[in-house]
Amino acid sequence: MMRRGKRFYENGIRFECQGSGRCCRARGDYGYVYVTLEDRRAIARFLGISTLKFTKGYTEKTDGDYHLRGADKDCLFLKDNLCGIYEARPRQCRTWPFWPENMKREVWEREVKPYCPGVGKGRLYSAEEIDAIIAQGED
């Protein structure tokens with residue numbers, strides 16, 4: 001859990017996905033879409049295949065963690081800027097842009113805000129909601 005104290009997002013952050021697909025595109029070191037066992041099960045169910053078939057056909061394992069194949073390419077489920085598995089998308093995707101590594105003022109201002117067109121739009125996420133989302137990404 002984030003330590004209490006002055007957070008740059010203390011007054012909340014507005015965010016609403018704009019459907020640009022930018023967060024699904026490879027950006028150098030940011031290409032891995034990690035998938036937990038729970039993610040793999042949900043995506044396999046969504047695709048109508050076994051978890052084993054999904055894992056063998058769509059993922060790779062690096063440093064003990066599973067991720068979608070093609071880390072150096074756009075997400076393999078991105079079609080016409082839309083997620084082809086949106087209802088079953090991995091936790092990593094569901095929690096964007098509120099990832100632990102993004103929630104430092106410098107990173108947010110330099111990398112997230114200029115890149116993601118949904119920042120500053122839509123509903124206001126409270127600091128408490130953001131902290132809860134961040135905690136999901138720290139498991």
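Trainee: How far is the sulfur of Cys23 from the closest cysteine sulfur, and in which residue is that sulfur?

Mentor: A word on the source: this is a predicted model, where local features need pLDDT of at least 70, side-chain atom pairs count only at pLDDT 80 or more, and totals for chains, interfaces and linings use all residues. Residues are numbered from 1 along each chain as its sequence is written, and side-chain values use heavy atoms, with hydrogens and water left out. A disulfide is a pair of cysteine sulfur atoms within 2.5 Å, so the sulfur of Cys23 is too far for a bond. The distance is 4.0 Å, to the sulfur in Cys24.

Trainee: Is Cys75 buried or exposed?

Mentor: Cys75 is in no disulfide either, with the nearest cysteine sulfur, that of Cys24, 5.9 Å away. Buried means under 20% relative accessible area, exposed over 50%, and partly exposed in between, with a 1.4 Å probe and protein chains only. At 43%, Cys23 is partly exposed. Cys75 has 18% relative accessibility, so the class is buried.

Trainee: How is helix 1 oriented relative to helix 2?

Mentor: Helices are DSSP runs of H or I with at least four residues, numbered from the N terminus. Helix 1 (residues 37-47) and helix 2 (residues 51-58) pack with axes 8 Å apart at an angle of about 100°; axes are lines fitted to C-alpha atoms over the stretch in contact, and angles run from 0 to 180 degrees between N-to-C directions. Angles of 65 to 115 degrees count as roughly perpendicular, under 35 as roughly parallel, over 145 as roughly antiparallel and the rest as oblique. Helix 1 is therefore, relative to helix 2, roughly perpendicular.

Trainee: Which residues in helix 2 does helix 1 meet?

Mentor: Contact means heavy atoms within 4.5 Å. From helix 1, the residues involved are Leu37, Arg40, Arg41, Ile43, Ala44 and Leu47. In helix 2 they meet Thr51, Phe54, Thr55 and Tyr58.

Trainee: What kind of aromatic pair do Trp96 and Trp99 form?

Mentor: Rings of Phe, Tyr and Trp (its six-membered ring) pair if their centres lie within 6.5 Å; planes under 30 degrees apart count as stacked, over 60 as edge-to-face and the rest as tilted. Tyr32 and Tyr34, at 5.5 Å centre to centre and 40° between the planes, are tilted. Trp96 and Trp99 lie 4.8 Å centre to centre with 75° between the planes, and their pair is edge-to-face.

Definitions and conventions
Helix = DSSP H or I, 4+ residues; strand = E, 2+ residues; numbered from the N terminus.
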